[in-house]
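Here's a quick briefing to go with the model below. Have the viewer open while you read.

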Amino acid sequence: MSVTHGHNLLGEPPATLLPGDPEAEAALAAGTDPAEVAAAHPRASAAWAALAEGAIDGGRTIEAYAYARTGYHRGLDALRRNGWKGYGPVPWSHEPNRGFLRCVTVLARAAEAIGEVDEQERCTQLLRDCDPSLAA
């Protein structure tokens, strides 16, 4: 009898696939200001991600942190409503998951920029846990 170490015999939980937000996604795709989209669709992590990315790219780190944190929490709420228990795959390949994952990415970058190392490490680990392809 041989024992395989490091293999989860219970298996992984199923991937969590968030439902889309067609109105918010269409508005963002049409070039509507992400602030307008976030105001009209505050649950849409993609809108918060767009705001966070614009802020971090513009050198507005604290703004980016705040936008990313908002989208992160909105995303966590959506994940939990859709059966996520705080662990398990949240694949990047599923388009509606990307808003949340983008928020976590910017939150990690902004946390690192302000010296919030614990937060940056937690976010990086969360990304790895959600989708190993995001480890970089």
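Predicted model: local features only at pLDDT ≥ 70, side-chain atom pairs only at ≥ 80, totals over all residues.

Residues are numbered from 1 along each chain as its sequence is written, and side-chain values use heavy atoms, with hydrogens and water left out.

**Overall fold**
- The chain has six helices and zero strands, taken as DSSP runs (H or I, at least four residues, for helices; E, at least two, for strands) and numbered from the N terminus.
- Its C-alpha atoms fill a box of roughly 60 × 35 × 20 Å along the principal axes.
- Of the 136 residues, 35% count as buried, meaning under 20% relative accessible area with a 1.4 Å probe and protein chains only.
- Take contacts (heavy atoms within 4.5 Å) between residues at least 6 apart in sequence: 61% of them join residues at least 24 apart.

**Nonpolar cores**
- A nonpolar core here is a set of buried Ala, Val, Leu, Ile, Met, Phe, Trp, Tyr and Cys residues joined through side-chain atoms within 4.5 Å.
- The largest one holds 25 residues, and Tyr-72, Leu-79, Val-90, Phe-100, Val-104 and Leu-126 touch the most other members.
- A second, separate core has 10 residues, including Ala-24, Ala-38, Leu-51 and Cys-103.
- Setting aside neighbours within four places in sequence, Val-90 contacts Thr-16, Leu-79, Trp-84, Asn-97, Phe-100, Leu-101, Cys-130 and Asp-131.

**Helix 5**
- Its buried residues include Phe-100, Cys-103, Val-104 and Leu-107, and what covers the buried residues includes helix 3, helix 4 and helix 6.
- Just after helix 5, Gly-115 takes a positive phi of about 80 degrees.

**Largest pocket**
- The largest pocket has a volume of about 360 Å³.
- On a 1 Å grid over the protein atoms alone, a pocket is an open set of points where a 1.4 Å probe fits, with protein on both sides within 12 Å along at least five of seven lines; lining residues have an atom within 4 Å of a point.
- Of the 21 lining residues, Pro-19, Asp-21, Ala-44, Ser-45 and Pro-96 are the closest to the centre.
- Helix 1 (22-29), helix 3, helix 4 and helix 5 each give two or more residues to the lining.

Key
Buried < 20%, exposed > 50% of the residue type's maximum accessible area, 1.4 Å probe, protein only. Points joined across faces, edges and corners; volume = space filled by probe spheres on them.
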